Amino acid sequence: MTQPPAPSRRTVLGGILTASALSLTAPAASAAPRLRTDDDDVVDHLIVGSGYGGAVLGHRLTAAGHQVLMLEMGQDWSTPGKDGKVFTKMTEPDERSMWFRDRTVMPLATFLGVPIDKVIPRGPGVLDRIDFASMSVYAGRGVGGGSLVNGAMAVAPPRSLVEERMPDVNPDAFYSTYLPRAQQTLGVRSHDAAFVAESPYYQFSRVGRASAEKAGFPVVEVPSLYDPDHLQAEAEGRAPASATAQEVIFGNNHGKRDLTKSYLRLARASGRLTIRTLVRATTLARRPQGGWTVTIESVGPDGTMRPAGTVAAKRVYLAGGSVGTTELLLRSQAHGTLADLPDAVGQGWGPNGNIMVGRANHVTSPTGMKQSTIPVHGIDAWTGAARADRVFAEIAPLPAGIETWVSLYLAITDNPRRGSFGWDPARDRLTLDWSPEHAAPSVAATERVLDAINRAAGTSYRVDLFGTGKAFSDGFTYHPLGGVLLGQATDAGGRLRGHEGVYVVDGSLLPGVVGVNPYLTITAVAEMIAEGAVRDASA
Ligand code: FAE
């Protein structure tokens, strides 16, 4: 009997494309063909994850002429749902909103004692919350990663932080080459100052600014990836509303320049990028013939993961984010597929010192029934006049659609304490050693700044927002950083030590705190790594 011919590289990639297209419309694991590459059918470049780090590598490798396969555990958010929209409002969540949850888990749990979370159908939604014992990590799921759900604030880190905490990054090259490259390719723009100064949608921000300045803290306007022209047009009713219609953490239908409109668009336009969605990379193993084998699971409609084969690759770029990348490496070690992992893997984790806190303004200082979801101001108690505090606090919206008189802040603080990831063999899952004691310096620093603001404004804290009776929410982060630190677990070029051909390119490289909202720093560091990786690939 004649054997069927072995699948060529072309048919394997064709299969991947078909599977991807299938999974966009129907994430039915049973229907998804298994992913497999044979010994003689090895992809050159495999990227795990399509957030900032993955998108940068995808663009730079394809621009240099390389074929790239990218695996993403979330969906490709390009198909509208029944209501004609791709994403939901924060106030009208459904199965598109959260990653396999029966109920939303919003950062603000209650308002005036009333629970905010809503029952929703389970589905592969766009916002995940990964719960560890004393820390919950929010993360974007889908093609574009965190860019799909974030507030678009594109803030450059203080030079002192890069110099002190990132010794393997040349600060001159970072600020003269990689940061501008990231800003330009992402499409970072400034908000229109006159609009911010007058629009009813930014009253909350002006109120927050005035009280901070009254206490002597400088306030800066932050650049953004939300299109300022669109923002103004929607506020004036000339364009479809998104930021002004309670859309952000479950995605923006308009206005935001997420990664699918920048790096990933460029990579796709090259014709050399294949993205396979709703597949999760679970372990990494060295191939005896050279290169690496990545084991894959497909994501079923109920969130069950099912084995879906393997992909062999000459080079693997890990871009699953701080939690995703560290988890993949520690699982591989625990399952015995990866030996000699550097001891530094799992170490050096921090939540960027995130603390959320709310203040109650006087009734004479309403924050507005209309609030844009896109923040534009940060209190700079890090590099500004009050720099001893080392706090950068985003003045955050509370777009509830009613007057709340609340000023809300997401503070970023310089907490020296670090957590560490481990593996629980009994439950076969990632653990995070982080406790409220770890967060205590962050709470203290935020309290110093907010106490001063309360004193100057004659106001007090809100204690009804986080479901705990506490004023300071220290148990969640939007900004997970670290786990595979640059220069420690990797060399200065992001190459995993002792594992030639494996690169780490995401937020897991950064030192637990970067002093500002982190994606711009992650993108710039990924640009730096991409330069070396492209050179390696061409050598
Ligand atoms: P990330 O963007 O998380 O991408 C990782 C991707 O890999 C995701 O798409 C995952 O689904 C995928 N993935 C993970 N594990 C696997 C696996 N095993 N197999 C296949 N795929 C996998 O990583 N930052 C700012 O600078 N400004 C802001 O205004 C801001 N606002 C935020 C608001 C919210 C609600 C949240 C959650 C975050 C916010 N951030 C903000 C943080 C920012 O989005 C985050 O630092 C970056 O997205 C992290 O980039 P990475 O490339 O590390």
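Student: In which sense do β13 and strand β19 (residues 460-461) pair?
Tutor: This is a predicted model, in which local features need pLDDT of at least 70, side-chain atom pairs count only at pLDDT 80 or more, and totals for chains, interfaces and linings use all residues. Residues are numbered from 1 along each chain as its sequence is written, and side-chain values use heavy atoms, with hydrogens and water left out. Strands (E, at least two residues) and helices (H or I, at least four) are DSSP runs numbered from the N terminus, and two strands pair if DSSP finds at least two bridges between them. β13 and β19 share 2 bridges, and the sense is antiparallel.

Student: How many bridges join β13 to strand β16 (residues 406-413)?
Tutor: These two strands run antiparallel. Gly358 stands opposite Leu408 of β16. The number of bridges joining β13 to β16 is 6.

Student: Which residue in β20 stands opposite Val357?
Tutor: β13 also pairs with strand β20 (residues 472-473), antiparallel, over 2 bridges. Opposite Val357 stands Phe472.

Student: How many of the 6 residues of β13 are buried?
Tutor: Buried means under 20% relative accessible area, exposed over 50%, and partly exposed in between (1.4 Å probe, protein chains only). β13 is largely enclosed by the rest of the structure, because the buried residues number 5.

Student: Is Asn354 buried or exposed?
Tutor: Asn354 sits in the loop between β12 (347-350) and β13 (355-360). A polar atom of its side chain lies 3.1 Å from the backbone nitrogen of Tyr478. With a relative accessible area of 3%, Asn354 is buried.

Student: What is the bridge partner of Val137 in β21?
Tutor: β6 and β21 run parallel, joined by 2 bridges. Val137 has as its partner Thr477.

Student: How far apart are the end C-alpha atoms of α2?
Tutor: The expected span of a helix is 1.5 Å times one less than its number of residues. For the 12 residues of α2 that gives 16 Å, which agrees with the end-to-end distance of 16 Å.

Student: How many residues of α2 are buried?
Tutor: The helix is mostly covered. Its buried residues include Tyr52, Leu57 and His59.

Student: Which element gives the most residues to the shell around the ligand?
Tutor: A residue is near a molecule if one of its heavy atoms lies within 4 Å of it. The ligand is surrounded by 36 residues, with Glu72 and Tyr519 among the closest. α2 and α11 (519-538) are among the elements that each supply at least two. With 3 residues, the top contributor is β9.

Definitions and conventions: Polar contact = N/O pair within 3.5 Å; in protein donor to acceptor, adjacent residues only side chain to side chain.
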